[in-house]
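Reader: I have a structure to go through with you. Can we take it one topic at a time?

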Amino acid sequence: MGNYMGESIKRREDPRFIQGKGKYVANLHIPNMAHVAILRSPYAHARIRSINTDAAKALDGVIAVYTGQELIDGGVGKLPCGWNVPDIKVPDRWPLMVDRVRHVGDSVVAVVAESPYIAYDALELIEVDYEPLPVVIDARKTTEPGVPLVHDEIPDNISYAWALGNKDETEQAFASAEHVVELELINQRLIPNAMEPRAAVAQWDAYTEEMTLWTTSQNPHPIRLLLSAFTLGIPEQKLRVISPDVGGGFGSKIFHYPEEVIVPWIAREINRPVKWVCSRSESYLTDSHGRDHVTVARLALKKDGTFTGLHVQTWSNQGAYLSTFAPLIPTALYITLLSGLYKIPAIWGEMWGTLTNTVPVDAYRGAGRPEASYLVERLVDIAAQELGMDPVELRRKNFIPADEFPYQTPVAFLYDSGDYHRLFDKALGMFGYDALRESQKAAREQGRLVGIGVAGCIEASGPAPSQVAGALGAAVGFWESAVIRVHPTGKATVLTGSHSHGQGHETTFAQVVADQLGMDINDVEIVHGDTGRVPFGMGTYGSRSGCVGGSALVRAAEKVRAKAIKIAAHQMEAAEEDIVYDRTTGKLHVKGSPAHAKGFAEIAFAAYTAHNLPAGLEPGLEESAFYDPANFTFPNSCHISQVEIDRETGEVHIQHYTAVDDVGNVINPLVVEGQILGGIVQGIGQALTEAAVYDEAGQLLSGSMMDYAVPKAMLFPMFDVDRTVTPSPHNPLGVKGAGEMGTIAATVAIANAVMDALAPLGIRHLEMPLTASKLWHAIQGASGGNGMQATNETPLGGRDEPGDPANWPERQILSD
Amino acid sequence: MYPAKFDYYQATSVDEVLSLLQQHGEDAKILAGGHSLIPMMKLRLASPAVLVDIGQVADLRGFSTVADGSLRIGAMTTYHEIADANTGLDALTEVCSIMGDLQVRNRGTIGGNLSHNDPAADLPAVALALDAQLEIRGPSGERLAPMEEFIVGLMETALAPGDLVVAVRFPPSGPASGSAYEKFENPASGYAICGVAAWVRRDGTGRIESCRVALTGAADYAQRLRPVEEAMMGQQAGSEGIDAAAAKAGEGLQFLSDIHADDVYRAHLTHVLTRRVLQKAIERAQ
C-alpha cells in the first residue's frame, strides 16, 4: 500500500509487449475491411498536368480510386498549422495534392481495394503526367536569386521570421567584448524511425453517423479536434479517435498527417472499414523529419572567460509545408534555451523559417532544445580552447549559481531550480575527469587521438503554461486532464489525457495514484489514448507526461481524498479536520484513534450505496482535474565522454561515458534510467552516424535503413548513469521531464570529445555526423597528408555521384 | 510492402528444380534464403512471375568431403551452420560469424549469397581467397567453376539460364597456412564498404610461399588483388615488406564512390585492411 514514489517497479505493460501481444493499429482486423495505398510523388517538385486512373479503377478488386480534387469536392479541408507566430505565411497543404507536388513522397492519389496486394498493383496502373520543376533543398539557399519558389504566394521561401532577446544590450556587449568566438554550424536533418510505422484504420456507422478512427498518434484528442474543425468535418461527438498501443514516436506521431484524413473519408465514402499501414520506405518519405538548422553564432566574453553576450542567427529548414507544430520548434523551444546553464546578460536570437522541396520538419526528440544545447556547448568549448582554459573551468565560471533560482534569462524563460556545480561535481567525480585528462596528455604525446567531451545542458520540459503558450503562438492549451474513477469495491480506473507510446504510464501513473490514495498498485488501472473513454487531453510530447499529466493525477487524487474524508468524518461522527487519511495504509481514522480505522474500500462502498452520506453530498467517488502548469520545468545534465579516433581509418571508439541528470524527483528510477539510456544512444546517433541526405534533385539518398544509419549496440560502451535531484518547486510531484535530456546532452558530449581529439591537429570544427570517412579526410587535410580531399562531399563524408553506376537501386532495395 | 503476384513452387529434389527452371525459363527465380530477393520483390524492384523455392531440397544442405580432399558445402547451408561447423577454414568461419545479424545468419545461404554476387557482400572475397569452386548443375549438365571465373561483373555471374549452384567446394587450407577476413562496414546496412580476405602459406623458414588476397565492397565486384599476392611472396612475418605489399592493393582498380565513402577513402581502407588481414592470416599460419 502506498509508498510507490521512487520505487523501481518493473513496467506492467512489458509482459504483453515482450510476448508480442501488444495491440497495435496494424493488428486490427475488422470484417469486410478494405485496404488503402497511396501513390506518392517521385519528384521533389513538379506540376501535375493530368492524372489517369482508368486502368487502376478497372483492375479486379479495386473498389475506388480518388484524386485530391475528389477529396476537396468531398469536403476535406487543408491540414492546419497549430502554431502561428506573428505574420506567418502558412502554405496550403491538402491531404492529397491537386496540381503540384513539392517533395518526393508528397501524396497524390489514394486507391482502396479488397486487399493491400491489389491496392499496390493498382498504384502501378495510375498514370500521372508530371512537369518537373526546379528544386531548392538547402535552407541557406532559399532566398538566393533564381531559386524556385516552393509556394508561389510565399516570397523568398520564407514562411516566418522570429526573434527574441535584448538586441541593444547584445550589440553593446559585442562592441565592448574583449574576446569574440564566432562559429557557423549545421544541425543536420534527422529521420525519426519509430519502430512501429504509422497506420490508420477507420470504421463508419452509416446509421448513427459515427466514425471511429484508430491512429498511431501521441495525442488522439488534438487529432480529433483538428479532424472535426479543419480536415474532415465530422463533429467531435460523432468522432472517436483511438491510439492503442503505439510503438514509439519520438515526436513524429504528434502531427496531423494526410492519411488520418484520407482513411476515414474513404471509409465513409464506401461505407466499409478501411485500413492503411505505412511501409518503412514510405515512413522515410512522409514522417516529419527533425532538426535541419544552419546557424551563425557569436559569443562575447571578457578575457577572464565571463560571458557577456550571445548573438545567434538560424535558418531553419521547414520542408515543403508547415507540419502541425513546426514553427514552435525553432522559436519558443530553441531561441528560449540559448542561455544554457549560464548567466549571459545579453542574448539576441533571430531565425527564419524557410520552405524547401523536402519532407516537412517538426518536433523530433528534444525538438529545438538539442539544437540550442549543441550550439551553446560547441561555442563554449571553442571559447575555452581560444582562451586556453579548461572547458569545465570556463563552464563553472559562468554557471547560474544555485542560490539565484528562480533565474530569469534574457530569452523569456524563468528557470525553476538547479544546482549546476553539484551536478558537475558528481559527474566529474564519477568520470574521473582529472585522471583521464592526465592520461589524455600521455596518449597525445604518443600521437594518439584521444578526446574528452563535456556537455552541460538545459531543457525546458512539460509544456506549458497555456497562457504563455498562447502568447507565443499556440493554437491550443497545454494543460492536462485526469479522472480517477473509484469503483464501489475500492479499485480505481484512472483516465489520463497523456499518452504512452513507450514511456510506461501504465506503471508510473499507477504508482502516483496508488501512492496518493494509499492503494495497492494492482488495484489501479490506467486508461489512455481513447477519446471515447478519456474526456480530453493534450497527449505526450516535450517530456510533459510526468510533470503535467502526473500533476493532474495528484490534483484529482486530492479531490478524492477530500470527499473520502467527508464521508469518513460523517460516519465516524468526527470533524473533517480531525480525520487522518493515512496514505501508507489506505486507512482513515479519527486523530488519536488509529485502531478504529475505516479502509478506503469501505469508504468507496459507502459512497456508492449512499445509505449514510453527509447531507448534501452527492453519491459516487469519481473526481476529475485539469492541471495547467505554472511554468515549464528545467531538467539539466552533465554528460562527459572519452573517445579515441583510429588515425588510420577515422573510426570513433567511445571509451567512457558518464551521464548525470537532474530530472527533479523521480517516480520510477528504472523507467527514468531507460529514458536516459535510450536518449543517449539516440543523441549519439546524431553525433556519429545519422543524417538525411538529399541529392540536388531532391531525391532522398538515405531513404532506407540500408543507408540511414540508426546506431547499433556495438557502437556503445557501458554507460555510467546517475542523478542529482533539485525538485521542481512548482508542480506537486516535484518532477521534471526525463524523456529528452539524454538525447539533448549526448550529441554534443560526443561531438565535443571528437573535436577535442582532433584539436592537436588544428581542426576547429566539423559538421555532424562525425563519420569515419569524414574524420579521415579531415585528418589527411590537417596533417598535410597526401592532399587527397573529397569533392562534392555529402553530410556523411562520402561523395554523391548521381550519374555514376554506384549501384544505388540495388543497394537501396534491401530495406524492408 | 506487397510484392506483385507470382506462382510459387516448392521443389524437393535438384532434378525437380532444374525441370521447373527449364519449364518457366526467364520468368523463374530461385528462392534460397530470400534475404535479397524478397526485399526486392516487396519493393517491386523485382517481379518474377515464378518462384522456385529450394529450401526443402535435402541434397542441397550439409557438409561432405570429396575425392581430392576438398570440403563440399551444400548450397542451402546457412551461414550459421557453416560458422558452427569445424571447417578448418578460419576466414570462412570468421565471415559466417559476422555477416548480417543472427536472423540473417540463420536464413542466409552460401549458394544464394554467391549466386546473387552483391558487390558489397562479404562472402565472395573469402570464397576467392580460399580458392573455392562452385558446383553447378544445369541444362548442359554438371560443371565446376572456380570462384574467379564465376564472378563476371557487377551483380553478374557465369550462371547460364536454368543453372543452379548446388554446392561450394573449398580445398583444404593445408599445413602452415592461415586465413582471415577484415571488414569496414557500412554503419547502416552492415554490408562491406571495404572487405579484404587473405590466405597465406609459409614455408619451412616461415616465409610466405603462397598467398591469395581478395577485395569486396570497394569496387564493382569482388576480385583478387594479384599485385599484393605477388609482392607477398617470400615475405617474413612482421616485415615492412607486408605494408609495401598491401600498398599495392589499389593498383589498377576503379574504386566506388557513394554517400558513405568516396573512392579516395575506399582506396585508403583497402590498403589498411589488406595490411591488417595479412598480418592476421600470417599469425594464424603456424
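Author: We can start with aromatic pairs: rings of Phe, Tyr and Trp (its six-membered ring) pair if their centres lie within 6.5 Å, and planes under 30 degrees apart count as stacked, over 60 as edge-to-face and the rest as tilted. This is a predicted model, where local features need pLDDT of at least 70, side-chain atom pairs count only at pLDDT 80 or more, and totals for chains, interfaces and linings use all residues. Residues are numbered from 1 along each chain as its sequence is written, chains are lettered from A and ligands numbered from 1 in the order in which they are written, and side-chain values use heavy atoms, with hydrogens and water left out.

Reader: ok, how many aromatic pairs over all chains?

Author: The search of the whole structure gives 28. In one of them, A:Phe405 and A:Tyr420, the ring centres are 5.5 Å apart and the planes stand at 90°, so the pair is edge-to-face.

Reader: where do A:Phe405 and A:Tyr420 sit in the chain?

Author: A:Phe405 is in the loop between helix H10 (391-398) and strand S16 (407-408) of chain A, and A:Tyr420 is in helix H11 (residues 420-431) of chain A. They are 15 residues apart, and the pair links distant parts of the chain. Helices (H or I, at least four residues) and strands (E, at least two) are DSSP runs, numbered from the N terminus.

Reader: new topic. How many salt bridges over all chains?

Author: There are 64, a salt bridge being a side-chain nitrogen of Lys or Arg within 4 Å of a carboxyl oxygen of Asp or Glu. One joins A:Glu282 and A:Arg40 at 2.8 Å, N to O. A:Glu282 lies in helix H8 (residues 280-286) and A:Arg40 in strand S1 (residues 34-40), both of chain A, so parts 242 residues apart in sequence are tied together.

Reader: why would side chains pair like that at all?

Author: Side chains of opposite charge can pair when their charged atoms come close.

Reader: and between chain A and chain B, how many salt bridges?

Author: The interface of chain A and chain B has six salt bridges. Among them is A:Lys712 with B:Glu185, whose closest N and O atoms are 3.9 Å apart.

Reader: which helix gives the most to the chain A side?

Author: Helix H4 (116-123), helix H19 (772-782) and helix H20 (808-812) of chain A each supply at least two residues of the side that touches chain B. H20(A) gives the most, with five residues.

Reader: how much area do chain A and chain B bury?

Author: About 3,600 Å², with 61% of it on carbon and sulfur atoms. Buried area is the accessible area (1.4 Å probe) that two parts lose on being put together, summed over both. The contact (heavy atoms within 4.5 Å) takes 48 residues from chain A and 38 residues from chain B.

Reader: last topic, domains. How is chain B divided?

Author: Into domain 1 (7-53), domain 2 (58-170) and domain 3 (177-285); the bounds come from an automatic or database domain assignment. The C-alpha centres of domain 1 and domain 2 of chain B lie 18 Å apart.

Reader: what area is buried between domain 1 and domain 2 of chain B?

Author: About 1,200 Å², of which carbon and sulfur atoms give 68%. On the domain 1 side, B:Val14, B:Leu18 and B:His35 lose the most area to domain 2, together 40% of what that side buries.

Reader: how many salt bridges across that interface?

Author: The rule finds one. B:Asp15 pairs with B:Arg137, their closest N and O atoms 2.7 Å apart.
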